[in-house]
Amino acid sequence: MELSEKTLASELIFDGRLLKVYRDEVGLADGGASVREFVHHPGGVAAVALDGEGCVYLERQFRYPYRKIVTEIPAGKLEPGENPFQAIRRELQEEIGAAAGRWDPLGYIMPSVGYTDEMLYLYLARDLTFGSTHFDADEFLEPFKLPFPQALAMALDGRINDAKTVCALLRADAKMQEETDG
């Protein structure tokens, strides 16, 4: 059975600064038709940044849609045409003032496949050196660090709920376990 859908028509119904919302007519696998509404997002990057003492850098940031402060790893959106690796290097410098001597890609995630095409590219950053932070003009966050095992436990028990952070911490742990077990 064919599972794919074919776009028959596409209409931009909202064009915002960050997001675009589309309403598409699609042809279904069984020959029928339906409507799909989705949010186009430019994509983003995020990094588990580990220092030489085994601590991970996190940040607290107020997230308006949830109306609460969320704990997450350093992250940011891709600029048009920007390479994900260049973007995460920029974001790590801006948000925690760090440059990494070692980078390991942790793949990408699709954070909410039901309504957005956003893709987030994840990295493990190590061998950190620090300088100054450079937050965006409308960005207010509080960087802090925790021992990696403590942050991983928080991701597993629900004290950290941000999807990219949970996923990246788990993938970073698996990567480091693979290196240790090698």
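Predicted model: local features only at pLDDT ≥ 70, side-chain atom pairs only at ≥ 80, totals over all residues.
Me: What is Lys164 in contact with, leaving aside its neighbours within four places in sequence?
Reply: Contact means heavy atoms within 4.5 Å. Lys164 is in contact with Ala46, Glu72, Ile73, Ala75, Ile109, Leu120 and Leu122.

Me: What makes the pairing of Lys164 and Asp162 a polar contact?
Reply: The two side chains are joined at 2.9 Å. A polar contact asks for a pair of N or O atoms within 3.5 Å, one able to donate a hydrogen and the other to accept it, so the distance of 2.9 Å falls inside the limit. The side chain of Asp162 also makes a polar contact with the side chain of Thr165, at 2.6 Å.

Me: Is Asp162 buried or exposed, and how do you know?
Reply: Asp162 has a relative accessible area of 17%. Since the cut-off for buried is under 20%, Asp162 is buried. Its place is in the loop between helix 2 (148-157) and helix 3. Leaving aside neighbours within four places in sequence, Asp162 is in contact with Val70, Thr71 and Glu72.

Me: And what about Ala46: why does that residue count as buried?
Reply: Ala46 has 0% relative accessibility, and under 20% is what buried requires, so Ala46 counts as buried. Ala46 lies in strand 4. Not counting residues up to four places away in sequence, Ala46 touches Ile73, Pro74, Ala75, Ile88, Tyr121, Leu122, Tyr123 and Lys164.

Me: How far apart are the C-alpha atoms of Ala46 and Gln61?
Reply: They are separated by 14 Å, and the two residues are 15 apart along the chain. Gln61 has Leu141, in strand 10, as its bridge partner.

Me: How do you know that strand 5 pairs with strand 10?
Reply: Seven bridges join strand 5 to strand 10 (residues 141-147), and the two run antiparallel. Pairing needs at least two bridges, so seven bridges meet the requirement.

Me: What makes strand 5 and strand 6 a pair?
Reply: Five bridges join these antiparallel strands. At least two are needed, so strand 5 and strand 6 pair as well. Arg63 stands opposite Lys68 in strand 6. The hairpin of the two strands has four residues between them.

Me: Why is Arg67 called exposed?
Reply: Arg67 has a relative accessible area of 52%. Exposed means over 50%, so Arg67 is exposed.

Me: Where does Asp127 lie, and why does it count as exposed?
Reply: Asp127 lies in strand 9, residues 120-130. Its relative accessibility is 53%, and the cut-off is over 50%, so Asp127 counts as exposed. Asp127 also has a positive phi of about 55 degrees although it is not a glycine.

Me: Which residues lie nearest the centre of the largest pocket?
Reply: Leu18, His41, Arg63, Glu118 and Lys164 do, out of 40 lining residues. About 1600 Å³ of space lies in this pocket. The largest share of its lining, five residues, comes from strand 6.

Me: How do the residues of that lining divide by type?
Reply: They divide into 16 nonpolar, eight polar and 16 charged. Lys counts as charged, so Lys164, one of the residues nearest the centre, belongs to the charged group.

How values were computed
Residues numbered from 1 in each chain as written. Heavy atoms only, no water. Buried < 20%, exposed > 50% of the residue type's maximum accessible area, 1.4 Å probe, protein only. 1 Å grid on protein atoms, 1.4 Å probe; cavity = no way out; pocket = protein on both sides within 12 Å on 5 of 7 lines; lining within 4 Å. Points joined across faces, edges and corners; volume = space filled by probe spheres on them.
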